[in-house]
Amino acid sequence: MAEMLAAGGWLMLPIAICSVLGLAIVIERAWALHIQRVAPPRLLEQRAQLARSPALSNADRQSLEAHSPLGRVWAAVMATRGEGTDIRRERIEEAGRQAAHDMSRYLNTLGTIAAITPLLGLLGTVAGMIQIFATMTEAGLGDAQALAGGIGQALVTTAAGLCVAIPALVAYRYFNGLVEKRGLLLEQWAVRLIEDQRDAPST
């Protein structure tokens with residue numbers, strides 16, 4: 001590994017940093033977007049109780065919002081109970097957008113990593129070719145070792161950039177789709193709580 005980093009030149013450093021950062025984002029988002037983090041089973045079990053509750057105190061509402069993305073949406077449902085339909089829809093949609101924004105955290109960074117690492121690899125290729133031509137100008141075609149160094153830099157940086165970019169792009173697309181799917185689930189659960197509120201008498 002050290003030999004590969006050395007062969008790729010200084011451009012291997014930003015590519016390596018991108019790979020570490022991308023891996024950290026993938027692990028963090030996989031944990032944060034797990035269904036039990038988005039909609040904890042314990043919270044789902046409280047749906048009937050919430051539907052019967054006429055209102056929540058500020059402390060209970062803040063606790064519910066901080067609990068999970070589903071808690072944020074349900075807190076908006078609880079806070080607008082008794083309000084007009086348009087006001088409820090606006091507040092709940094706002095809470096849903098905020099929850100989706102939170103679930104999309106760091107995904108722009110992951111997409112940027114997927115976009116720039118091939119360019120860094122291409123830049124390494126160009127730098128390697130420049131080194132090759134400089135060597136040819138100074139020593140001609142007889143210095144095979146010097147020529148191999150430039151060719152190695154060009155190939156290693158290109159391969160490294162692609163090896164980081166391809167998984168990052170796949171993960172970026174996957175997590176974007178997962179955020180959309182989780183958002184639809186939040187919308188469905190918000191509707192279910194509203195329906196439960198209509199059917200359950202206030203206490």
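Helices α6 and α7 are roughly antiparallel to each other, a label given to angles over 145 degrees. The model is predicted, so local features need pLDDT of at least 70 and side-chain atom pairs count only at pLDDT 80 or more, while totals for chains, interfaces and linings use all residues. Residues are numbered from 1 along each chain as its sequence is written, and side-chain values use heavy atoms, with hydrogens and water left out.

**Overall make-up**

- The protein has ten helices and zero strands, where helices (H or I, at least four residues) and strands (E, at least two) are DSSP runs numbered from the N terminus.
- Of its 203 residues, 35% count as buried, meaning under 20% relative accessible area, with exposed being over 50% and partly exposed in between (1.4 Å probe, protein chains only).
- The accessible surface of the protein is about 12,000 Å², and carbon and sulfur atoms hold 61% of that area; the areas come from the Shrake-Rupley method with a 1.4 Å probe.
- Among contacts with a separation of 6 or more, 79% join residues 24 or more positions apart, a contact being heavy atoms within 4.5 Å.

**The α6 and α7 pair**

- Helix α6 (residues 58-67) packs against helix α7 (residues 69-79) at an angle of about 150°, with the axes 6 Å apart; axes are lines fitted to C-alpha atoms, for helices over the stretch in contact, and angles run from 0 to 180 degrees between N-to-C directions.
- On the α6 side, Arg 61, Leu 64 and Glu 65 meet Gly 71, Arg 72, Trp 74, Ala 75 and Ala 79 of α7.
- Pro 54 lies in the loop between α5 (47-52) and α6, and its C-alpha is 9.5 Å from that of Ala 79, 25 residues away in sequence.
- Pro 54 has 41% relative accessibility and counts as partly exposed.

**Helix α8**

- Helix α8 (residues 85-103) has 19 residues and spans 27 Å from its first C-alpha to its last, close to the 27 Å expected at 1.5 Å a residue, the expected span being 1.5 Å times one less than the number of residues.
- Its buried residues are Arg 88, Ile 92, Ala 95, Ala 99, Asp 102 and Met 103.
- Seen down the axis of α8, these buried residues fall within an arc of 100°, so they line one face of the helix; the arc is that of the directions from the helix axis to the C-beta atoms.
- Asp 86, Glu 90, Arg 97 and His 101 are exposed on the other side of α8.

**Ala 48**

- Ala 48 sits in helix α5 and is partly exposed, at 40% relative accessible area.
- Ala 48 and Asp 196 are 148 residues apart in sequence, with their C-alpha atoms 7.0 Å apart in space.

Key:
Parallel < 35°, antiparallel > 145°, perpendicular 65-115°, else oblique.
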